[in-house]
Amino acid sequence: MTDITNLPPDTGPSLDLRNKDIAVAGQWRLFWLKFKKHKIALVSLVVIIFMYLVAAFADFIAPLDPNATNARFTYAPPQMLSLFHDGSFQPNVKQLKMTLNTESMRREFQPDPAKPIPVGFFVKAAQPYDLLGFIPMQTKLFGLTNPQIGDSLYIFGADRLGRDIFSRVVHGAKISLSIGLVGVFMSLILGVTIGGISGFFGGWLDLGIQRGIELLRSIPTIPLWMGLAAAIPVGWPPLRTYFIITLIVSLIGWTSLAREVRGKFLSLRSEDFVIAARLDGMSEIGIIFNHLVPSFMSHIIATLTLAIPSMILAETALSFLGIGLQPPIISWGVLLQEAQNIRAVAQAPWLLFTPAAAIVISVLSLNFLGDGLRDAADPYESVS
Amino acid sequence: MSNNDTILKVENLKTYFPTRIGIFKAVDGVSFELKRGKTLCVVGESGSGKSVTARSILQIVDRPGRIEDGLIELTRADGSVTDLAKLDPRGKDIRSVRGKEIAMIFQEPMSSLSPVHRIGTQIGEALRIHFGIRGQAQRARVLELLKQVEIPRPETAIDRYTFEFSGGMRQRVMIAMALACNPQVLIADEPTTALDVTTQAEILDLIKRLQQSHGMSVLFITHDMGVVAEIADEVIVMYRGKVMERGPVEQIFHAPQDDYTRRLIGSVVKLEKKAEVRLTRPEIPAEAAPLLDVKNLSLTFASGLKAVDDVSLIVRPGETLGIVGESGSGKTTMGRCLLRIYDPQAGAIAYRRPDGSTVDLRTADKGTLKEVRREVRMIFQDPVGSLSPRKTVGQIIAEPLKLAGVSGSELEHRVAELMRQVGLDPAWRERYPHAFSGGQRQRIGIARAIAVKPRLIIADEATSALDVSLRSQMLDLMMSLQDQLGLSYVFISHDMSVIRYMCDRVAVMYSGKIVETGETDQVVNNPQHDYTRALLSAIPHPDPRDRRIHKRFRYDPTLKPSGTVSANG
């Protein structure tokens, strides 16, 4: 133990390793410490968590039924939520007064400052619903406290059929965000299995798998998706279509993951500590689960996070083209599809901007989050 | 202020690296003077700040490090004095100093040369930048430089690429580049550390000769006290960013004033002779049945390289067999063949089991191999890569025990005992390897090796990643474990001093073959094979009164028929 006095003095960042906490910090703790330094990723993580919470509690958060139409409010503009009325705290929106512009033959809506409609939190919903699919509830996060005929609450405007865009975007998050997760989960299974086989067995199997991956990656994605999506029978129930679509979008996603896993397998197999484990008499399966998998787990998580946005975008693209999900299913892609014509964009830009903003924010946040995770994926780089 | 002799004067130099938890003082108040035509060695262990000192002079410290304070006064060719510390690191003034007045050569000849340019172009660049020499004049000058650094056939070498040269030749190219502008000062940052000992001797010789012919001053950074003794006029000893002692080389080696210097010299001198515990040990009877009897072992890689070529050796119970050789000699591959990490194609590895039966490990089946691998263990060279960073020390040491069927409180107890045995506090078992220093990590590796009570340990360069002061401690630990547990070692090393310190017998490997084998004393004092003689005579001797590498014996394999020649030189 005399060599403690002769410790090679540490350079730079590893100085703080004498810190007792870090001495006993495992891989995930070091991962977190390194991730924390990436401020944008940290903010993105909060945004992502928030968005998934919104998606999970969509029924509670959306004030209106996303499929409820109202002919009276076709293309109604966003209504401003004001917090005060007559000098006292009283959240309200102003009633919309509709006039018909005879020149352009368009309905025009004017908020009427004299007619506030009170808005409250935790109001009773028009219809009971099941939160998360199994908790019966009839309370909404916010809504009109006392809805009358002619009252409306469209904070992000209404569409062609007078449906509430806000409620539709919130409900769309359910499908759009989960399709990324489900797709990535499928990629994970396919990628880790096939990549693991490829890296572990090597030889002609590896060769075959790698060439297969190259072939898959060389197919242009949009025509491939279109071809596959066109093969889905029209009469299928929406849920089944949803799963087929996730399968289609994850068809390409697994290839990059398989390569990552294979590369990690190959580089780790010749590491001294893996050889040491083999000499200890550990079986190959034991080595894989005791040494290899923990070593590339963090890399896989980072790669998966970076794969989610491409899944979301793929779904959006497919639905936008009209070959993905179809109404009555609500997804951000479906919402964008409804904003496809120039008249809608000119007359009601909120049709386009609300779902687009949701997509951009979630994709950007996921990308930043993935970058942060990737940078932190090997917390030992700077340490050793 | 400074007299005429001083060409570079550094005073109270402070280079700091700001970190998240404070300021790391890499160089903390270093002062020295470099005299015209002399060699000043900066010596210290890893992390002592010696390299940062050298880099500070040319203002090429890596970010976020920067010079906080101090003077770096360079007496220029025209007699004026410039303080380099005050110059802008990216300014024109410092660039006119770099390469032209102060040239630098680095440790890694591989990464300090560009792989995409021809040698001639790279050397010519400095000529073009500083003197505007182009075309035929430039080529002529580059040829002359290549001749000066003794690169064979300079006319063809000038148009070659870096990858076509061996490590030693690349270092010569680096030196040619450094010499291009006739600098007054040459800073050499561990220029021979990545090289084999025979190549190192050639390069040291070359630097010495060039220094004399050009009248250069050399600032030589090294961790190797032997090199210091061979080349230095003056020495500064650094430790944790501070100068512990400075003085003429004679004084440092023979009358060190400082405690740290004394300890450093002590640990170097200690490795100059056989370990004391081994002098008194009874001899191992030569007729004892060998534990391991390797016959005609051969391994040829798919590339056609004969890594192990007809190797035969024996290991007797309780003895330490040293395998010494330079890089590329096949010693590591040979060691790995013994444990069947690689599968040798021909020969036999007869291993005697505790019950007296022998098995041939080369052809042994999986089950036997698994059992034998509990009896024959391995210690790895790299203390970082050989421990999984994701497991605690306790888990790492427990792994072989668990696989051998030990569990519960017995496991806990054994792990604690093993940690004590190798000199680690059992309370540290919850810590991860990143919390330990190189020496401590190597102890963890040793604990893992001895966990299942082995009989033979193959130690592959177990001490070469460690600083010299830790090296003898590690060897002492291994020898005391040998006596306690009745172990035998196959000790693979490129370092003759380590072999001499602890090995009973030694086998010298050269390009896959064993060229000489015998009792360590006999091989060291009376080498029979020319290669052994060359190897021994190239080792720098840590005594400035006995400089001898310039009198070394050179081995030329072309004079004798030999197998594949390693690419060093």
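A crossing of two helices is left-handed if the near helix is turned anticlockwise from the far one by less than a right angle, and right-handed if clockwise. The pair α7(B) and α8(B) crosses in the right-handed sense.

This is a predicted model, in which local features need pLDDT of at least 70, side-chain atom pairs count only at pLDDT 80 or more, and totals for chains, interfaces and linings use all residues. Residues are numbered from 1 along each chain as its sequence is written, and chains are lettered from A and ligands numbered from 1 in the order in which they are written.

## Helix packing

Two packed helices are described by the angle between their axes and the distance between the axes. Axes here are lines fitted to C-alpha atoms, for helices over the stretch in contact, and angles run from 0 to 180 degrees between N-to-C directions. Helices (H or I, at least four residues) and strands (E, at least two) are DSSP runs, numbered from the N terminus.

| Helix pair | Angle between axes | Axis separation |
|---|---|---|
| α7(B) (residues 167-179) and α8(B) (residues 197-214) | about 15° | 10 Å apart |
| α4(B) (residues 119-131) and α7(B) (residues 167-179) | roughly 25° | within 8 Å |
| α8(A) (residues 238-269) and α10(A) (residues 284-320) | roughly 155° | within 9 Å |

Angles under 35 degrees count as roughly parallel, over 145 as roughly antiparallel, 65 to 115 as roughly perpendicular and the rest as oblique. α7(B) and α8(B) are therefore roughly parallel. Two residues are in contact if their C-beta atoms, placed from the backbone, lie within 7 Å. From α7(B), the contact takes in B:G167, B:G168, B:Q171, B:R172, B:I175 and B:L179; they meet B:T199, B:E202, B:I203, B:L206, B:I207, B:L210 and B:H214 of α8(B). By class, the residues of this contact of α7(B) with α8(B) are six nonpolar, five polar and two charged. For these classes, Ala, Val, Leu, Ile, Met, Phe, Trp, Tyr, Cys and Pro count as nonpolar, Asp, Glu, Lys and Arg as charged, and the others, Gly among them, as polar.

α7(B) also packs with α4(B). This pair is roughly parallel too, and its crossing is right-handed. α4(B) supplies B:I119, B:Q122, B:I123 and B:A126, while α7(B) supplies B:V173, B:A176 and B:M177. The contact of α4(B) with α7(B) has six nonpolar residues, one polar and no charged.

In chain A, α8(A) and α10(A) run roughly antiparallel. Their crossing is right-handed. Among the residues that meet are A:I245, A:V249, A:G253 and A:L257 in α8(A), and A:L292, A:F296, A:H299 and A:M311 in α10(A). The contact of α8(A) with α10(A) divides into twelve nonpolar, six polar and three charged residues.

## Domains

Domain bounds come from an automatic or database domain assignment. Chain A has domain 1 (71-162) and domain 2 (168-376). Their centres, taken over C-alpha atoms, are separated by 38 Å. Six residues of domain 1 of chain A touch seven residues of domain 2 of chain A. On the domain 1 side, three are nonpolar, one is polar and two are charged.

Chain B is assigned domain 1 (111-183) and domain 2 (276-388 + 453-559). Here 39 Å separate the two centres, again over C-alpha atoms.

## Burial and backbone

A residue is buried if 20 or more other C-beta atoms lie within 10 Å of its own, exposed if 12 or fewer, and partly exposed in between; C-beta atoms are placed from the backbone. Helix α1(B) (residues 50-57) has eight of its eight residues buried, so it is largely enclosed by the rest of the structure. Among them are B:K50 and B:R55. Just after α1(B), B:Q59 takes a positive phi of about 55°.

Most residues other than glycine have a negative phi. B:N182 is not a glycine, yet its phi is positive at about 50°. B:N182 lies in the loop between α7 and β7 (185-189) of chain B. It counts as partly exposed because it has 14 C-beta neighbours inside 10 Å. B:S511 also has a positive phi, near 40°. B:S511 sits in the loop between β19 (505-510) and β20 (513-519) of chain B. With 22 C-beta neighbours inside 10 Å, B:S511 counts as buried.

B:K453 lies in the loop between α17 (438-450) and β17 (456-460) of chain B. B:K453 counts as exposed, with 12 C-beta neighbours inside 10 Å. The C-alpha atoms of B:K453 and B:L485 are 7.6 Å apart, although 32 residues separate them along the chain.
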